[in-house]
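Hi everyone, thanks for coming along.

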Amino acid sequence: MKVTAESPSQLDLFWKELKKGGFISGEGLSKKLGLSKVAIWKGMKKLTELGYEIETRKGKGYRLVREPNLPYPWKVRDLLRAKVVGRRILFFSEVDSTQRVLRDLAMKGEEEGTVVMAKKQRKGRGRLDRVWISTEKDLKLSILLRPETVHPTRLGLLSLIGGLAVSRCVKEAKMKWPNDVLIGGRKVAGILVEASAEADRFNYVILGIGVNVNSTKEDLRGVKDAISMYEMAGEEMDMAEVASSILSNLDDLYLKLVEGRWEEMLKEIKERLDTLGKDVLIKGIGEEFRGKAVDLDDRGFLLVRVGDEIKSIMAGDVIHLRASP
Ligand code: BTN
């Protein structure tokens with residue numbers, strides 16, 4: 001069965017009531033929320049379909065027994081501290097790609113801030129037409145942004161703030177230009193930005209974030225140099241908490257970006273950017289060369305010293321060779 005869940009919705013209210021603990025009567029709930037008893041019953045049924053264990057007892061009502069560890073929109077919203085990101089949150093039990101779902105919405109005029117998440121993603125997309133593999137224990141997020149004040153040449157900065165938003169959740173996390181988040185040199189998250197733009201302005205940007213959250217070593221077998229938050233911390237993470245932290249961080253960074261508060265944002269990115277100071281192999285579009293990554297400019301381009309020349313790289317793959325003195 002494929003279920004979708006959305007926030008804000010009535011389910012936010014049901015969930016909040018159930019979270020208080022103990023039994024809540026259908027009658028009391030229907031009075032409190034101004035809904036029919038049938039509507040309450042349907043809501044509880046929907047929550048059950050979504051994996052909630054709810055005890056129903058005659059004369060007593062409903063009681064929450066167990067919550068699934070999934071980033072359901074009402075829980076993410078409850079923890080979220082954001083102005084733009086997460087204004088609307090959609091959760092699908094299964095999609096081909098959250099990027100595709102959100103792109104279709106964007107083309108129909110969806111407002112910025114909408115987030116699409118999924119329990120299962122069949123055809124996750126990575127950068128450069130790669131496949132993004134994830135399990136139901138990992139986060140798959142796509143966020144719709146319409147940064148009117150940002151010039152399309154600064155698209156790279158959107159990828160970098162996505163990486164920084166994830167990095168802020170893990171003290172030890174480092175970023176690898178342009179789009180990876182690493183823990184101990186292994187990839188814990190990847191960012192994919194897809195945009196539609198005219199010469200001097202964006203129509204929309206879809207920021208895709210894939211995070212290995214609760215995947216085990218076994219789940220990640222076959223994915224080269226990958227690590228999960230679970231593997232690092234040695235304990236299961238709450239998916240909604242991780243999602244809301246990432247989205248709250250992203251909102252903070254996005255506001256800095258659109259309001260032109262570049263300095264602090266760039267400083268923080270550079271502090272996390274493991275690529276800086278490293279000897280690198282750049283595999284760009286139609287070119288490949290070695291050099292030393294020396295800086296990042298205010299468009300998010302990587303500055304690489306090759307002999308006496310400084311090359312600025314807009315996109316491509318970077319391989320860290322070794323730290324050089
Ligand atoms: C990469 O490292 O190549 C980027 C991976 C991005 C994966 C995320 S998961 C959510 C969103 N939906 C997709 O199909 N891809 C992105």
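Asp 180 counts as buried, because its relative accessibility is 11%; buried means under 20% relative accessible area, exposed over 50%, and partly exposed in between, with a 1.4 Å probe and protein chains only. This is a predicted model, where local features need pLDDT of at least 70, side-chain atom pairs count only at pLDDT 80 or more, and totals for chains, interfaces and linings use all residues. Residues are numbered from 1 along each chain as its sequence is written, and side-chain values use heavy atoms, with hydrogens and water left out.

So what does the side chain of Asp 180 join in a polar contact? That would be the side chain of Lys 187, at 2.9 Å. A polar contact here is a pair of N or O atoms within 3.5 Å; within protein, one must be able to donate a hydrogen and the other to accept it, and residues adjacent in sequence count only if both atoms are side-chain atoms. Leaving aside residues up to four places away in sequence, Asp 180 touches Lys 174, Met 175, Lys 187 and Ala 189, with contact meaning heavy atoms within 4.5 Å.

Now the wider view. Asp 180 sits in strand S8; strands (E, at least two residues) and helices (H or I, at least four) are DSSP runs, numbered from the N terminus. An open sheet of 8 strands runs S1-S4-S5-S6-S10-S9-S8-S7, with mixed pairing, where two strands pair if DSSP finds at least two bridges between them. At its edges are S1 (4–7) and S7 (174–176), each pairing on one side only.
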